Amino acid sequence: MTDDNAPVRFDTKIAVLLRDDLETWQRLNVTAFLVSGLGTQVPEVIGEPYLDADDTPYLPMFRQPVLVFAGSKEILTGAHAKAVSRGVTLSVFTSDLFATGHDEANRAAVRAVRRDGMDLVGLAVHGPRNAVDKILKGASMHP
């Protein structure tokens, strides 16, 4: 007999790392933006659509938890370098994006800065559990 509510241990991990000096609204906004692209690039992380008891349809969501971490600017910069070198699926949010108003402007703001010069305020990664754990070394779970 199996327990349908037993925790599942996934081979991969989805994690968001936020700079620890962000305002609350910024943390929420950055997290939403960072994870929004994962399902388009890694469709296997998306589960099935939802239905309630009245058959009202709802969008599918990630099939596994999204863990949110916080760290200093230095931890974020180091995590970014490790994520790039390991080739994991990665999204970034820079401080410049707080001043833009749409997708095209966001992409232009990221494009205008070299990788090692970005003022990162957040990143999201998806990859093998052990690789993501190494990328996030030094970060703590978001309070």
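Aspartate 119 is partly exposed, with 25% relative accessible area. The model is a predicted one. The partner of aspartate 119 in a salt bridge is arginine 19, and their closest N and O atoms lie 2.8 Å apart. This pair joins distant parts of the chain: arginine 19 sits in strand β1 and aspartate 119 in the loop between α4 (103–111) and β6, 100 residues apart. Arginine 19 itself counts as buried, because its relative accessible area is 10% and the cut-off for buried is under 20%.

Arginine 19 also forms a salt bridge with aspartate 21. Together, Arg19, Asp21, Lys73 and Asp119 make up a network of salt bridges.

| Arginine 19 | Aspartate 21 | 2.8 Å |

An α-helix has 3.6 residues a turn, so residues three or four places apart point the same way.

Helix α3 covers residues 73–86, a run of 14 residues. From its first C-alpha to its last, α3 reaches 20 Å, close to the 20 Å expected at 1.5 Å a residue. Which residues of α3 are buried? They are Leu76, Ala79, His80 and Ala83. Viewed down the axis of α3, the buried residues fall within an arc of 105 degrees, so they line one face of the helix. The cover over these buried residues includes strands β1 (12–19), β5 (89–94) and β6 (120–128), as well as helix α5 (129–135). On the face turned away from the buried side, α3 carries the exposed residues Glu74 and Ser85. Just after α3 comes glycine 87, which takes a positive phi of about 70 degrees.

The last item is a patch on the surface. Tyr50, Tyr58 and Met61 form this nonpolar patch, and together they have about 330 Å² of accessible area. Methionine 61 is placed in the loop between β3 (57–58) and β4 (66–71).

Terms used:
Residues are numbered from 1 along each chain as its sequence is written. This is a predicted model: local features need pLDDT of at least 70, side-chain atom pairs count only at pLDDT 80 or more; totals for chains, interfaces and linings use all residues. Side-chain values use heavy atoms; hydrogens and water are left out. Patches are made of residues with over 30% relative accessible area and no salt bridge: like charges are joined within 9 Å, nonpolar side chains (Val, Leu, Ile, Met, Phe, Trp, Tyr) within 5 Å. Accessible areas come from the Shrake-Rupley method with a 1.4 Å probe; for residues, only the protein chains shown count as cover. A salt bridge is a side-chain nitrogen of Lys or Arg within 4 Å of a carboxyl oxygen of Asp or Glu. Helices (H or I, at least four residues) and strands (E, at least two) are DSSP runs, numbered from the N terminus. The expected span of a helix is 1.5 Å times one less than its number of residues. Buried means under 20% relative accessible area, exposed over 50%, partly exposed in between (1.4 Å probe, protein chains only). The arc is that of the directions from the helix axis to the C-beta atoms. Contact means heavy atoms within 4.5 Å.
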